Amino acid sequence: MQANTSTMDTEEPPVPQARPQGCTNFKLRQLMRRVATHYDAEMAQCGLKTTQYSLLSHVLKLGPIRPGDLAVAMKMDASTLTRNLRPLVDAGWVTLEAGADARSRLVHITDAGRDKRAQAQRHWKAAQLGLNETLGVERVMALHALVDDSLALLAALPAQEAGHDE
């Protein structure tokens with residue numbers, strides 16, 4: 001007669017579930033500061049901040065565009081956009097012109113803005129390639145996928161909780 005072995009005798013003990021250690025917000029901010037410093041150092045060579053390059057790129061791609069629509073496209077609030085547009089207007093890289101009615105305005109990129117953006121694009125590409133080399137392309141791709149998935153999941157949060165500022 002065979003010995004009766006219960007399934008409980010052969011099961012492994014439950015493995016305690018791992019939990020994240022430390023503050024996710026703090027860790028993400030540390031990573032963001034390191035990445036931003038890398039990009040900012042490269043972009044400084046052409047006299048732009050990364051936020052300014054991003055704005056020029058969005059206006060080039062989407063413009064002429066209403067400031068409110070630009071803010072939505074860039075996932076930032078209108079006051080942040082206004083504050084970030086001011087130096088670009090002052091430098092002559094973008095203009096705020098009259099829109100369809102007296103109350104609306106449109107953001108346009110100027111020829112000087114197109115030239116500055118083209119110059120900056122070379123520096124942005126150097127920063128991206130440098131990051132790819134340092135972290136490895138596979139890790140960067142995995143990071144992008146994780147960020148995209150996380151943003152999609154966080155999009156379900158109420159607006160005041162999720163935030164809209166960059």
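The buried residues of helix α2 pack against α3 (50-62) and α6 (111-135), where contact means heavy atoms within 4.5 Å. Those buried residues are Val-35, Tyr-39, Glu-42 and Met-43, and because they fall within an arc of 90° when seen down the axis of α2, they line one face of the helix; the arc is that of the directions from the helix axis to the C-beta atoms. Turned away from this buried side is a face that carries the exposed residues Arg-29, Arg-34 and Thr-37. Buried means under 20% relative accessible area, exposed over 50%, and partly exposed in between (1.4 Å probe, protein chains only).

This is a predicted model, in which local features need pLDDT of at least 70 and side-chain atom pairs count only at pLDDT 80 or more, while totals for chains, interfaces and linings use all residues. Residues are numbered from 1 along each chain as its sequence is written, and side-chain values use heavy atoms, with hydrogens and water left out.

Helix α2 covers residues 24-43, and its 20 residues reach 28 Å from the first C-alpha to the last, close to the 28 Å expected at 1.5 Å a residue, that is, 1.5 Å times one less than its number of residues. Helices (H or I, at least four residues) are DSSP runs, numbered from the N terminus.

As for the cysteines, Cys-23 is partly exposed at 44% relative accessibility, whereas Cys-46 is buried, with a relative accessible area of 4%. The structure holds zero disulfides, a disulfide being a pair of cysteine sulfur atoms within 2.5 Å.

Gln-52 lies in helix α3 and counts as buried at 11% relative accessibility. Leaving aside residues up to four places away in sequence, Gln-52 touches Gly-47, Pro-87 and Leu-88.

Technical notes. Helices (H or I, at least four residues) and strands (E, at least two) are DSSP runs, numbered from the N terminus.
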